[in-house]
Structure formats: structure tokens, C-alpha cells
Amino acid sequence: MKKILFVAHCLLNTASKVAREPKDGAKQEEELRIAFLKKALDRGVQLIQLPCPEFTLYGACRWGHVYEQFDSAFFRSHSRRILAPIILELQEYLSHSEKFEVLGIIGIDGSPSCGVSYTCRGEWGGELGGRSDLQGIISTVRLVESAGVFIEVLQQLLVEAEIDLPLIGLFAPERERVLSILDFP
Ligand code: SF4
């Protein structure tokens, strides 16, 4: 029986991520990403890559965003469109339960798009140049216990398709939570 996991795009391709300065948190996240991939490969799990909603809408030179900036009908429509073939792919694997077991879906906690248990929120928006309050606006960003916009759309599509699967976010402070999805007999 083949075990299958659907994973956020940047779990396999970090080139899709927003460019940023290396920080301690990013190092821990990268260590967990590699540990997760090694364990998945060691256990023979097949990985299916979800599309990256941000790269496919805003490209490689985008700024970092917060949930509020993606919480629009346009971003949700884009997410729904690129997730439609993924739902079909899921349905096909699930309809052959004698051959395949879909273990679940892995997101990226902290992302405004792909967060599952945590996303980042803040009062961001508007012109950047010539503002005296820019630092204050940037500092409104905070980690919140809720899903990102892309994952919210995915959850809606899963409900519509009557698919019930574990959905877990990669999150360095809760390392064992995501690794445990690979602890099957
Ligand atoms: S939008 Fe999702 S897949 Fe794309 S870089 Fe961000 S967390 Fe990764």
C-alpha cells in the first residue's frame, strides 16, 4: 500500500518563499523541514506538492504579507482555481483505497496563506514610501491561532468534496506534532 502526503509547495521548494534575512526562527524551520523530508523518504512516503498561491499570483519579488492583505475575493478565487486539480487528484487516490493511503496534508504554520494552526496578522497596507509611521505599522504583525487564507479555501473545498483528512502545519516550536503524522505502523 503506497502512503501519500500532500505538502505545501515550499516544503519541497524553498525558492518559492519570500526573500528574507536569515533569523534563528528560519534556521529552526529549515532544520524541521529537512528532518520531516528525511523521515518521509525513509518511511517510503510519496509526496505531492501543492501549488504556491503567492508565487503564482505575485512572483518572486513580492513583499512579505499578512493575512488581511490576502483576505480578498481575488486571492480566494485564485486559491480555489489552483486547488481544483488537487482536489481531483485527492479524489482519485482516495477512490483506490486498496492501493493508496492518503495520510494527510501539510501546511506551513505562520504563513498568511499556508498556515494551518497559526497565521500572521497585522494592519498592513498602503504606500510604503515617505511614511513616518512605517515602523509602527510593521510592528502590528503578530502570530494568531488560525489558518491562512489558502488553507481556509482548501478546507472549504475539502468539505464540499466530503473529504476528511488530517491537516497539520510545519511549525518549529511544535516539532513533534508534524513529525507524528509519519509514525504509522
Ligand atoms: S504561500 Fe505557502 S507554499 Fe508559498 S511560500 Fe508561502 S507558505 Fe510556502
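This report looks at a ligand's surroundings and at a sheet of strands.

## About the model

The model is predicted: local features need pLDDT of at least 70, side-chain atom pairs count only at pLDDT 80 or more, and totals for chains, interfaces and linings use all residues. Residues are numbered from 1 along each chain as its sequence is written, and side-chain values use heavy atoms, with hydrogens and water left out.

## Around the ligand

Let's begin with the ligand. Its surroundings include His-9, Cys-10, Lys-17, Arg-62 and Ser-113 (a residue is near if one of its heavy atoms lies within 4 Å). This shell divides into five nonpolar, four polar and three charged residues; here Ala, Val, Leu, Ile, Met, Phe, Trp, Tyr, Cys and Pro count as nonpolar, Asp, Glu, Lys and Arg as charged, and the others, Gly among them, as polar.

## The sheet

Now to the strands (DSSP runs of E with at least two residues, numbered from the N terminus). Four of them form an open sheet in the order E2-E1-E3-E6, with parallel pairing (two strands pair if DSSP finds at least two bridges between them). E2 and E6 (167-170) stand at the edges with a single partner strand each, so one side of each has no neighbour in the sheet.

Strand E1 (residues 2-7) is mostly covered, with five of its six residues buried (under 20% relative accessible area, 1.4 Å probe, protein chains only). E1 pairs with E3 (residues 100-108) over six bridges; in E3, Val-102 is the bridge partner of Ile-4, and Phe-100 that of Lys-2.

Note on methods:
Buried means under 20% relative accessible area, exposed over 50%, partly exposed in between (1.4 Å probe, protein chains only). Helices (H or I, at least four residues) and strands (E, at least two) are DSSP runs, numbered from the N terminus.
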